[in-house]
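Work through the exercises below with the sequence and the model side by side, and try each task before reading its solution.

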Amino acid sequence: MANAQTSLDKAKIKFLLLEGVHQSAVESLNRAGYTNVDYVKTALAEEELIERIKDAHFVGLRSRTQLTRRVIEHAPKLVAAGCFCIGTNQVDLDAAQEHGVAVFNAPFSNTRSVAELVIAEAILLLRGIPAKNAGCHRGEWDKSAVGSYEIRGKTMGIVGYGSIGSQVSVMAEAMGMQVVFFDVVTKLPLGNAVQSKSLTELLQVADVVSLHVPELEATKNLIGENELAAMKPQSFLLNASRGTVVDIDALAAALESKHLAGAAIDVFPVEPKGNNEEFVSPLRRFDNVILTPHIGGSTMEAQENIGYEVAEKLIKYSDNGTTTSSVNFPEVALPAHREVHRLLHVHQNVPGVMTAINRIFSENNINIAGQYLQTKESVGYVVIDVDSAYSDLALKQLREVEGTVRCRVLF
Ligand SMILES: NC(=O)C1=CN([C@@H]2O[C@H](COP(=O)(O)OP(=O)(O)OC[C@H]3O[C@@H](n4cnc5c(N)ncnc54)[C@H](O)[C@@H]3O)[C@@H](O)[C@H]2O)C=CC1
Ligand SMILES: O=C(O)CCC(=O)C(=O)O
């Protein structure tokens, strides 16, 4: 069987793809038989999103689309959301979980692109290139070695030693840098990198501090006035994680006072909604700051791979119910369901639901060919394979079970 059949005609399953996700996603969906793709090149504001998403079964987005509780509440058919990026902070994950919407992302595909940019920025900043470049564009000629340094022998301080931070670590060492890192979790140091006991310890020794933490309550303003003051005089700050991680006014003050020698910032507390909106930031006035429009992961290679990776996850979920690597949903890896119908039941994770479900099968004498159950936080996900003759009856009764969030069948 090339593609497992689904309960709906595949052409009727609507995918809303936003923010110009790579065409590789559309190709993958089409190849899998999903041709009903509404492709939008930009992010949509809430009202317009609500209008477009109301009959969508799947939505694909990047970092600019806000999938709020209100939007999710207005998307009655939505079964999954694919973030064609790493960060999922733009999605209300709790609301998605409560409404039985599985959320997927691409945890690896753009990490190399971010790490490469960070190394390039470290070199450019230590050589004073941003200011020299700006000067040349204005007709100035400042041929001087003053304030220009090699990165060899300097210390790279990495905050957040995950997929990106650890790649920055390997590349920085390959360039001759010493690496220290700080992470809330004890991590295996790669090469000769050393894990710092505290953020302050790292800030005090690093010539370049690069941030690679997710957006969390605990990482909000992780780098504020005190942390900037703790950084070595004439050091550099790089942020390609999330804009909320740095207090941008405090950073502007540290640059103004020349405590920091420069910075490279890719992400901002408030980012323009689209390419036509003006970018406003107190950092615009500094020639020694590299400003980029949230493009750390925006390379052709990364975007193409993300397109395949996330589309594949959505297809698998649609075709056979597999939720492996979902960020908010119980993870279930399912075999193909040949010669049986597959019931997918999402429910509130409260006592009694599974008893009620199993009662349906025993009372109606329906043989269960396979059953897979996983729970996560407030949600439970049970998959039941049954003889095709009984799936209609079971589906009808499963939908009546108290605590049911959603239920569908795959043929
Ligand atoms: N600028 C861009 O275009 C891109 C930005 N990103 C951002 O980069 C972030 C990091 O990406 P990955 O490395 O793939 O994530 P990851 O999840 O692999 O690593 C994050 C690391 O941060 C650590 N961490 C969490 N809270 C911390 C804290 N308070 N202090 C120190 N460490 C802490 C975690 O333990 C983990 O090791 C993403 O969450 C995303 O927001 C990702 C890709 C592209
Ligand atoms: O490509 C994007 O839209 C955002 C990239 C990013 O920040 C991420 O992957 O978390």
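**Conventions**

This is a predicted model, in which local features need pLDDT of at least 70 and side-chain atom pairs count only at pLDDT 80 or more, while totals for chains, interfaces and linings use all residues. Residues are numbered from 1 along each chain as its sequence is written, and chains are lettered from A and ligands numbered from 1 in the order in which they are written.

**Exercise 1. Describe the confidence and the overall make-up of the protein.**

Start with pLDDT, which is the predictor's confidence in each residue, from 0 to 100. The mean pLDDT of the protein is 96, and 98% of its residues reach 70 or more. Over residues 1–5, however, the pLDDT is below 50, although this stretch has 11 contacts in the model beyond near neighbours in sequence; a contact here requires two C-beta atoms, placed from the backbone, to lie within 7 Å. For the model, the scores are ipTM 0.99 and pTM 0.93.

Next, consider the fold elements, where helices (H or I, at least four residues) and strands (E, at least two) are DSSP runs, numbered from the N terminus. The protein has 13 helices and 16 strands, and its C-alpha trace spans about 85 × 45 × 35 Å along the principal axes.

Finally, turn to burial: a residue is buried if 20 or more other C-beta atoms, placed from the backbone, lie within 10 Å of its own, exposed if 12 or fewer, and partly exposed in between. Buried residues make up 43% of the 411 residues in the protein.

**Exercise 2. Which residues touch the most other members of the largest nonpolar core?**

A nonpolar core is a set of buried Ala, Val, Leu, Ile, Met, Phe, Trp, Tyr and Cys residues joined through C-beta atoms within 7 Å. Of the 60 residues in the largest one, Ala80, Ala81, Phe84, Val101 and Val103 touch the most other members. The largest share of this core, 7 residues, comes from helix α11 (residues 300–320), and the core draws at least three residues from each of domain 1 and domain 3. Apart from it lies another core, of 52 residues, which includes Val168, Ala172, Leu202 and Ala261.

To see one member's surroundings, leave aside the neighbours of Val103 within four places in sequence: its contacts then include Ala81, Leu93, Val327 and Phe329.

**Exercise 3. Which residues are closest to ligand 1, and which helix supplies the largest share of its shell?**

A residue is counted as near the ligand if its C-beta atom, placed from the backbone, lies within 6 Å of it. On that basis 32 residues surround ligand 1, the closest being Gly160, Gly162, Pro214, Gly296 and Gly297. Helices α5 (111–126) and α7 (163–174) each supply at least two residues of the shell, and the largest share, 3 residues, comes from α7.

**Exercise 4. Is Ile315 buried or exposed, and what is the backbone setting of Asn221 and Glu377?**

Ile315 lies in helix α11 and is buried, because 21 other C-beta atoms lie within 10 Å. Beyond four places in sequence, Ile315 is in contact with Ser28, Leu29 and Ala32.

Asn221 is in the loop between β9 (208–211) and α9 (225–230), and its phi is near 50°, a positive value in a residue other than glycine. Glu377, in the loop between β14 (368–376) and β15 (379–386), also has a positive phi, near 45°. Asn221 is partly exposed because 14 other C-beta atoms lie within 10 Å, and Glu377 counts as partly exposed because it has 13 C-beta neighbours inside 10 Å.

Technical notes. Domains from an automatic or database assignment.
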